[in-house]
Amino acid sequence: MNLHEQKTVPAVIPTASMADIAFLLIIFFMVTFTIEVDKTQVTLPQTVIRQEVPKKAAYVSVTEAGQIRVSDGEQISAPVGSADEVLSFAAEVIGREPTKEFVLKADEHTPYRYIDEVIDALKQARVSVIYLLSSQETKDEENRAGTN
Amino acid sequence: MKLPSRRVSDEIPTSSMADIAFLLIIYFMVTTTFAATRGLDFALPKDDDQPPVVEKEESVLIEVQPSGDLVVDGRPMLKSEVLDYLKPKLEVNPRKPVIIRPDANAPYGAMVSVYDELRQGADKGVEVRNISIPTQREIDRFWF
């Protein structure tokens with residue numbers, strides 16, 4: 001008497017759920033995807049307090065040598081020659097959208113006179129809030145800076 | 001003569017779905033840059049022709065030297081000592097103006113660092129409500 005009925009196991013790896021996992025990952029990347037409007041390489045100053053910058057905020061970047069680039073948050077940033085051009089750019093953006101936030105992305109070694117001109121231009125253009133872009137300061141770095 | 005009937009599978013072929021999805025993942029992974037999207041918010045005052053009148057001696061002046069060192073009300077001070085210096089003054093007048101005035105050649109990072117320190121005061125029981133960073137044009141127009 002043959003008690004053992006022979007079962008055939010299919011030689012297939014179940015891949016149906018693979019697509020679900022992949023689509024979950026896609027959704028994650030789509031949600032976190034933001035087009036970087038300004039690709040200027042700067043060493044950001046480090047701060048402890050860091051607020052989330054609103055999406056679509058306009059960018060003004062200043063390199064260590066004082067080169068300025070501006071972006072309205074939708075177009076890729078373009079270089080401008082002087083702070084006066086920042087004023088006309090900011091005035092145009094504020095004219096279109098009076099509550100537009102501006103982000104100042106500047107190198108920590110930039111001499112303050114360049115920053116002063118940019119902030120002054122933004123003030124004259126009646127910008128209400130600017131965000132000083134920064135990287136995270138850790139407690140160790142803070143303590144070290146405090147003892148210096 | 002009986003022809004053998006071919007069985008058609010009643011399943012939707014989904015094996016290539018994962019390939020397509022992974023291609024999309026790779027695209028998003030390559031194009032995503034985790035950009036720094038955080039910073040210190042700084043509310044700019046309105047550019048009025050007539051700013052609020054503040055007695056100079058009423059405010060605390062923090063000067064940032066080109067070396068990044070601080071001089072508070074004429075005295076050299078470490079960044080970590082500023083809040084302790086401000087505490088008794090703010091207890092008397094919580095709205096006491098604190099003015100940060102960086103030198104033209106001071107590094108931007110030093111100014112941000114002082115501003116960050118003052119903003120952190122709220123967590124340390126020394127809330128500095130009235131911080132201003134006047135620009136050179138404003139100083140030329142209104143201070144002298």
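## Two chains in contact

In this predicted model, 51 residues of chain A are in contact with 50 residues of chain B. Contact means heavy atoms within 4.5 Å. The area buried between chain A and chain B is about 4700 Å². Carbon and sulfur atoms give 62% of that area. Buried area is the accessible area (1.4 Å probe) that two parts lose on being put together, summed over both. A:Tyr112, A:Lys123 and A:Leu132 supply 17% of the area that chain A buries against chain B, more than any other three residues.

Residues are numbered from 1 along each chain as its sequence is written, while chains are lettered from A and ligands numbered from 1 in the order in which they are written. Local features need pLDDT of at least 70, side-chain atom pairs count only at pLDDT 80 or more, totals for chains, interfaces and linings use all residues, and side-chain values use heavy atoms, with hydrogens and water left out.

The rule finds three salt bridges across the interface of chain A and chain B. A salt bridge is a side-chain nitrogen of Lys or Arg within 4 Å of a carboxyl oxygen of Asp or Glu. A:Glu52 forms a salt bridge with B:Arg38. Their closest N and O atoms are 3.4 Å apart. Over all chains, the structure holds nine salt bridges. A:Glu52 lies in strand 2 of chain A and B:Arg38 in strand 1 of chain B, so the pair joins two chains. Helices (H or I, at least four residues) and strands (E, at least two) are DSSP runs, numbered from the N terminus.

Strands of a sheet pair through backbone hydrogen bonds, either parallel or antiparallel. Two strands count as paired if DSSP finds at least two bridges between them. Here an open sheet of seven strands has the order 2(A)-1(B)-7(A)-6(A)-3(A)-4(A)-5(A), with mixed pairing. Strand 2 and strand 5 (78–80) of chain A stand at the edges, each with a single partner strand, so one side of each has no neighbour in the sheet.

Strand 7 of chain A pairs with strand 1 (residues 38–43) of chain B in the antiparallel sense, over five bridges. There, A:Leu133 stands opposite B:Gly39. Strand 6 and strand 7 of chain A pair in the parallel sense over three bridges. A:Tyr131 in strand 7 is the bridge partner of A:Val103.

## Hairpins and a helix in chain A

Strand 3 and strand 4 of chain A pair in the antiparallel sense over four bridges. A:Ser61 stands opposite A:Arg69 in strand 4 of chain A. Their hairpin has five residues between the strands, and A:Gly66 takes a positive phi near 90 degrees. Strand 4 and strand 5 of chain A are also antiparallel, over three bridges. A:Arg69 has A:Pro79 in strand 5 as a bridge partner. This hairpin has six residues between the strands, and A:Gly73 takes a positive phi near 95 degrees.

Helix 2 (residues 83–96) of chain A lies across strand 3 (58–62), strand 4 (68–71), strand 5 and strand 6 of chain A. Helix 2 runs at about 10 degrees to strand 4 of chain A. Axes are lines fitted to C-alpha atoms, for helices over the stretch in contact, and angles run from 0 to 180 degrees between N-to-C directions.
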